[in-house]
Amino acid sequence: MYDTLIIGAGMSALAAGIRLAHFGQRVCILERHTTIGGLNSFYRLGGRNYDVGLHAVTNYAPGGDRHRPLARLLRQLRLSLDELALRPQIGSAVAFPGVRLEFSNDFALFESEVRRHFPGQVDKLRRLVSQTVDYDQIEASTAGLSAREVVGRIIDDPLLLEMLFCPILFYGGAREHDVEFGQFSIMFRSIFLEGLARPFAGVRPILKVLVRKYKALGGELRLRAGVARIVVRNGRAEKVLLEDGSELSARRIVSSAGRLETMRLLDAPDPLAPSRGSRISFVESISFLNRQPRDVGFDRAIVFFNDAPRFRYAVPEGPVDLHSGVICSPNNYFYEEPLAEGVVRLTALANYGYWKDLPEEEYRLEKLRWYDRLAASAVRFMPDFRGLVIDTDLFTPRTIERFTGHTGGAVYGDPQKHRDGTTPVKNLFLCGNDQGLVGIVGTLLSGIGVANRHLLKD
């Protein structure tokens, strides 16, 4: 009998496991696949390591306020900042037709860019910042409020409004066009005020630190241990049945699989399913280059782009929306030495329904076609890198669903969030994307929060 079973070995699950094991609980994390990380993982192909999910660690802000998210999670997990080996970005940008707003980990740069391109909006930007400052008041004061309505009452230049929403939605938008103002506030702070960083070797060092800490505290991790069913009796989760036919019992269960996916493990309908909206997913290509991107004039960590004054964040009617996207280069951070090869990652909104049922041969051909189209779209906003490419891969919503179990390849989970982590079953709790905390720091805080709020009281 375990104290707690945790379904899935993503970052929220690992954080919850560390927190519980630290207080002496007997904890077991169950992962269906052969590796850990969930949406923030990695794989090898053709002798190269490909990161999945990680563009950058937001909320960097390495010093100062102990109440900032990164400082909180380090304290809760008993980790040091040095263990994560984060290095700050060189700089990033939001690019729309005729306007490019540069930003870095110094907010003064972004403010000066707004002053240069939108001189009448600087005081309004400062007013917006003042309303996003206090994390402890965000949830209580903004629950259910539309960010577009709230921000639109402050920022009255339509183009600047769209440019602010572009990175926020791409890095945390679980539903079309909008987010709650509380989530906007969290993302705005994490990207523009606290900044971006990245470990030299990508997501793997972070995962290794978390697993090492978890196991050192006595936590158990089982790979190839997919959960087929959660057995409930008298309103309580009693045990899980694994796909190999074995059973495990626990006093409590935490699922990082997502609310809808967890309801399916209960053989129960989700009572909130009728209210759900479209599930946002993406395609992403990863290209290795024979030169560093900055050698051909691209020195930005991330560029969020859109080719029209209005930014449309929705499931596209076609396979991929080429009007907007994210360009990411892990080379463009302040490392002590350069990465061995240049890397460019391109991300765009995608239609799960198109990709899910393609026959295998057609699916492979479509990935090749859309890689070319995605690259052609991106080079409108960056130097043309296509002649430097020595290796590529592209994943789709179908890939995301296959390896994460997220219905519809939903990268940010369910459009309707459940912040307290509870379910209709008394001793079954949720952590991860469906709590509404996004990014690596947010995901880790989700697992910590569920552990503290529900699992360490007794």
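Biologist: Going by DSSP, two strands pair if there are at least two bridges between them. With that settled, which residue stands opposite Ser285?

Modeller: Leu394, which is in strand 17. Strands here are DSSP E runs of at least two residues, helices are H or I runs of at least four, and both are numbered from the N terminus. Keep in mind that this is a predicted model, where local features need pLDDT of at least 70 and side-chain atom pairs 80 or more, while totals for chains, interfaces and linings use all residues. Residues are numbered from 1 along each chain as its sequence is written, and side-chain values use heavy atoms, leaving out hydrogens and water.

Biologist: Got it. How many bridges link strand 13 and strand 17, and in what sense do they pair?

Modeller: Six bridges, antiparallel, with strand 13 covering residues 281-289.

Biologist: And what's the strand order in the whole sheet?

Modeller: It runs 7-6-14-15-16-13-17, an open sheet of seven strands with mixed pairing. Strand 7 (99-103) and strand 17 (389-395) are the edges: each has a single partner strand, so one side of each lacks a neighbour in the sheet. From one strand to the next, the twist averages 15 degrees.

Biologist: Which helix packs on that sheet?

Modeller: Helix 8, residues 158-170. Among the strands it touches (heavy atoms within 4.5 Å) are strand 6, strand 14 and strand 16. Its direction makes about 125 degrees with that of strand 6; axes are lines fitted to C-alpha atoms, for helices over the stretch in contact, and angles run from 0 to 180 degrees between N-to-C directions.

Biologist: Switching topic: is Leu70 buried or exposed?

Modeller: Buried, because its relative accessibility is 3%. The cut-offs are under 20% for buried, over 50% for exposed and partly exposed in between, with a 1.4 Å probe and protein chains only. Leu70 is in helix 2, residues 69-77, and its contacts include Tyr60, Leu84 and Val441, leaving aside residues up to four places away in sequence.

Biologist: How does helix 2 pack with helix 15?

Modeller: At an angle of about 50 degrees, with the axes 10 Å apart. The pair is therefore oblique; under 35 degrees would count as roughly parallel, over 145 as roughly antiparallel and 65 to 115 as roughly perpendicular, with the rest oblique.

Biologist: Which residues make the contact?

Modeller: Leu70, Leu73 and Leu77 of helix 2 are among them, and so are Leu444 and Ile448 of helix 15.
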